Amino acid sequence: MGAPPPLGHARLRRRVLAVVAWSLAALVLLDMAVGLATRPPADPRREGSALQTYFDYGTSIEAKLRRAIGRTPGEAAPIISSGWLAKECDRTVPDHGRGGVSVYGMSFSNRVADQLAAQDPALTVDKFAGPGAPLNHSYACFLRRDAAGRDHNPVQVLGVLASSIRRLTTLSGISTSFEQPQPFTYPRYTAGAAGGLTAIPPPILSEADLRRVLATPGGWRDYVAKLDEHDDFASPWLANGGIADWSVTLRLIRRAWGQHYLRAKTDAIRGNDDFSGDPTVVPAMRAIMVDFAARVRRAGKRPVVILFEDRGYEDAFRRSVVPTLVAHGIPYVLTSDVVQSGNPANFMADGHFTPAIDARIAAAALPLVTAAPANSPVRH
Amino acid sequence: MLFNSLEFAAYFACVYLLYRLLPFRWQNRMLLLAGYLFYGWWDVRFLFLIAFSTTVDFTIGSLLENPHMPKRERWTASLFILGAAILFLCPDWPALAAGGGLSAFLTPQAMGFQVLAGTAAVVALANLLIVRAAAMEEDRRRKILIVCSVAVNLAFLGFFKYFNFFIDSAEGLTRSIGLDPETLRLHIVLPVGISFYTFQSLSYTIDVYRRRVTPTHRFWDFALFVAYFPPMVAGPIERARHLLPQLTRPRQIRLAQSAHGLVLILVGLFKKVAVADGLAPSVDAVFNSTGAVSQTDIVIGTVLFTIQIFCDFSGYSDIARGVSKLLGIDLMVNFNLPYFSKNPSEFWRRWHISLSSWLRDYLYIALGGNRQGKLRTYVNLFLTMLLGGLWHGAAWNYILWGAYQGLLLCVHRAATHGRETLPSSREAVAGTTDLHGGAVAKARALPTWLSTPLRIGFFMIFVCYGWLLFRAHTMDQIVQFTAQLAWLRPSGASMLPMPTLSAIAGTLLLAGMQLVDYRAGRLESFMRWPAALQGALYAALFFVLIMGTSNAPVQFIYFQF
């Protein structure tokens with residue numbers, strides 16, 4: 001059953017060769033047709049369709065950034081300018097007095113910050129964030145503002161996203177987001193035996209640096225090589241452009257490889273669902289949170305930590321950092337105490353919590369944000 | 001080692017190369033080693049189970065035919081099982097896998113030595129009994145031997161697969177007599193594919209007992225029959241009369257067979273990687289949800305699982321058949337357009353044919369089949385499917401699924417006045433089941449072009465609900481989902497994530513291919529298309545497969561059985 005009709009050996013061989021030849025020809029045609037039909041928009045400020053985005057995922061980071069950066073800053077895609085520490089954290093905000101709250105984090109913390117402001121009109125919230133920014137980005141941002149004496153808000157909130165914890169071992173957003181690269185950078189922190197933190201600075205610091213790297217012959221490859229030294233997720237195969245960018249099929253293969261590469265790296269850090277796979281991650285997390293709280297308290301302000309356990313990360317923080325927060329009396333909200341991350345109904349299609357859940361998390365954080373006096377250790 | 005992994009690609013490339021270079025007997029030896037390597041990739045220690053089943057069933061097969069088992073065969077079998085105990089159980093294989101080094105690997109394992117001592121005792125006793133059994137009256141000896149074979153195989157299966165389930169199920173009883181069920185529970189991992197190779201090995205002794213198969217006198221050929229790697233962990237469950245002759249005689253690798261094999265591998269990988277793995281996250285979102293799930297999502301999730309399980313399981317079978325064809329060995333067809341079935345009887349002629357025909361031949365018929373009156377026939381049908389459900393796994397939802405299938409068959413039999421049966425083994429082995437069904441009572445009120453799709457669509461509802469029972473985690477989930485489907489419970493908002501693009505494109509492509517096969521009345525009918533058209537199809541399959549390689553790999557669903 002199913003076998004082709006009986007043929008003589010020579011005829012059969014000719015037929016098999018013909019089928020192979022037609023298959024290859026059809027694959028080339030299909031590749032070209034899909035490539036033409038799903039070419040991304042020429043204007044980097046315009047978002048491509050879902051299909052254009054899908055077939056562009058496997059394009060090298062270099063090619064994607066070259067396209068997205070445009071000829072001038074005004075022509076660049078919004079992602080190019082997002083998240084840079086100098087741009088995001090050096091801005092001056094007005095003194096809001098007793099109702100001022102600074103929130104360091106990412107989109108999850110921004111959404112909860114909006115809910116905080118909505119639930120208590122006496123609060124004025126300043127948000128300092130990067131796309132999917134990890135704890136090292138938020139901490140570096142806080143340090144910049146703290147050192148420059150720019151932040152006068154009496155409450156300092158640090159948002160930490162479980163799915164971004166892997167970025168503690170990286171120096172740039174491109175390393176873990178090759179499909180839609182976020183080029184902003186941040187330092188990598190490691191904790192010493194005594195709990196002190198050592199920072200490894202990123203090779204570039206701003207959009208202008210990125211523009212220069214891409215414009216310099218060999219600049220991009222040098223940049224990737226430098227990243228590769230201290231960034232555990234950096235991969236020249238995903239970062240550097242080449243002939244694979246010209247074929248949809250090859251791009252799909254690179255995407256598959258990239259997915260498996262990132263999955264393996266992420267799983268390795270994740271360990272037993274408590275980030276224990278990489279021995280540097282949990283100590284760095286703990287040291288950053290303790291140092292953040294100590295600096296905030298020294299300035300007579302109130303630290304609050306919000307631990308966002310997003311989809312697939314139920315109770316990851318409870319074992320890894322909550323005991324440290326409790327031991328140091330640092331007020332915190334653990335989202336798994338408020339909602340189940342194992343329930344898909346709590347999430348929107350883009351992976352964020354639904355607005356109703358954001359409101360519940362904000363309601364849980366509100367007493368910590370508005371509590372007095374500032375230095376009292378409170379546990380939610 | 002998953003079929004859809006680079007490890008397997010490298011492994012098979014080596015196997016194939018050696019296979020082409022070696023003469024026939026060495027080919028078999030190499031295939032046997034390759035089978036043990038393939039299975040040992042999961043856990044070397046479980047190779048002892050395969051070795052034990054092999055030894056027991058080979059010995060019993062020989063004794064069923066000839067009470068005076070030749071000394072050479074006895075020695076080979078005895079030394080093989082003792083060697084297996086020493087090699088697979090005495091060193092610390094998990095330590096080696098964890099990178100513990102040679103000294104950690106060679107650390108003697110207490111359990112290994114206990115099993116070795118037990119095995120040595122069993123071997124000595126068996127050799128003694130074999131001599132005494134020769135003096136017994138033939139019928140009695142044969143009956144005792146077949147009971148031994150069934151008991152040993154089912155004991156292994158029961159111990160590893162069902163022990164914890166029965167302890168959990170009898171929790172109330174064990175507590176009432178003062179025993180903590182936790183202390184009774186075994187902390188063991190279920191050996192991959194144990195149900196498959198156990199049934200395959202068992203079918204050999206039963207067929208020898210029924211004098212349908214001449215037992216092989218070459219121990220290593222039989223060992224290869226049990227450990228032939230393509231169907232080893234997820235079927236098809238081969239029969240000795242089909243596979244063994246292909247293993248015991250020199251094989252020719254023909255171009256047509258190889259080309260067919262490559263096409264099957266492409267189609268199988270496409271089904272598994274592009275479609276099944278692409279649908280898995282959406283299905284999991286429904287069935288693994290810890291919160292409320294909407295009625296719409298239950299319906300869509302169940303339909304998606306219906307597609308997922310078909311692509312996952314038939315994809316494995318296709319790859320197994322394809323890989324085997326490259327080695328010049330044909331495996332039986334395991335899926336025959338099952339979702340075009342119009343009734344439960346036809347469904348079981350088309351779905352997992354190697355299991356349904358096994359159940360028919362060795363269980364349904366053994367229970368009396370339809371030879372003992374109407375009521376007994378219904379009881380036998382129901383029991384067969386109930387045990388078929390239990391075969392799938394040690395959980396109440398599988399038992400419920402089996403009962404549901406049994407009930408469907410009984411109702412259908414009653415409605416068609418017994419004109420339909422389970423598939424015949426001859427059809428199954430030869431892969432020649434009639435695509436358009438057996439003696440189906442045709443609906444007379446409507447023309448066929450209208451009644452056929454209507455009947456297929458109507459029966460599909462029952463198939464899908466069966467898969468809901470199969471996929472559910474708990475009885476509570478079954479009750480909750482069923483109540484929601486029946487509008488007895490309020491529904492939540494929809495939150496189902498979209499399947500991946502490869503799954504959507506792949507499902508459409510596959511549906512088209514299946515429809516063409518159904519209309520043509522044969523599987524892989526596209527292999528008769530003109531070369532250009534075939535080429536276009538293969539290019540499309542390959543392209544969608546490449547799209548699917550980004551999907552998170554999911555273990556084959558049937559590995560757990």
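**View 1. Parallel pairing of β1 and β3 in chain A.** In this predicted model, A:V101 has A:V155 in β3(A) as its bridge partner. Strand β1 (residues 100-105) of chain A pairs with strand β3 (residues 155-161) of chain A in the parallel sense, over 4 bridges.

**View 2. Composition of chain B.** Chain B has 24 helices and 0 strands. Of its 561 residues, 47% are buried. Among the contacts in chain B with a separation of 6 or more, 75% are between residues 24 or more positions apart.

**View 3. Packing of α3 against α4 in chain B.** The axes of α3(B) and helix α4 (residues 71-89) of chain B are 9 Å apart, and the helices pack at an angle of about 170 degrees. The two helices, α3(B) and α4(B), are therefore roughly antiparallel to each other. Residues of α3(B) that meet α4(B) include B:F48, B:F52 and B:F58, while those on the α4(B) side include B:F80, B:I81 and B:F88. This contact of α3(B) with α4(B) comprises 12 nonpolar, 3 polar and 1 charged residues.

**View 4. Packing of α3 against α8 in chain B.** Helix α3 (residues 47-65) of chain B and helix α8 (residues 138-169) of chain B have axes that come within 10 Å and cross at roughly 170 degrees. That crossing makes α3(B) roughly antiparallel to α8(B). On the α3(B) side, the residues in the contact include B:L49, B:V56, B:D57 and B:I60; on the α8(B) side, they include B:R142, B:L145, B:V152 and B:F156. By class, the contact of α3(B) with α8(B) contains 9 nonpolar, 3 polar and 2 charged residues.

**View 5. The side of chain B that touches chain A.** In this interface, 37 residues of chain B are in contact with 33 residues of chain A. The elements of chain B that give two or more residues to this side are α14 (255-287) and α24 (531-548). The largest share, 12 residues, comes from α24(B). The residues on this side of chain B divide into 23 nonpolar, 11 polar and 3 charged.

Notes. Residues numbered from 1 in each chain as written. Chains lettered and ligands numbered in written order. Predicted model: local features only at pLDDT ≥ 70, side-chain atom pairs only at ≥ 80, totals over all residues. Contact = placed C-beta atoms within 7 Å. Nonpolar A, V, L, I, M, F, W, Y, C, P; charged D, E, K, R; others polar. Axes fitted to C-alpha atoms, helices over the stretch in contact; angles between N-to-C directions. Parallel < 35°, antiparallel > 145°, perpendicular 65-115°, else oblique. Buried ≥ 20, exposed ≤ 12 C-beta atoms within 10 Å, placed from the backbone. Pairing = 2+ DSSP bridges.
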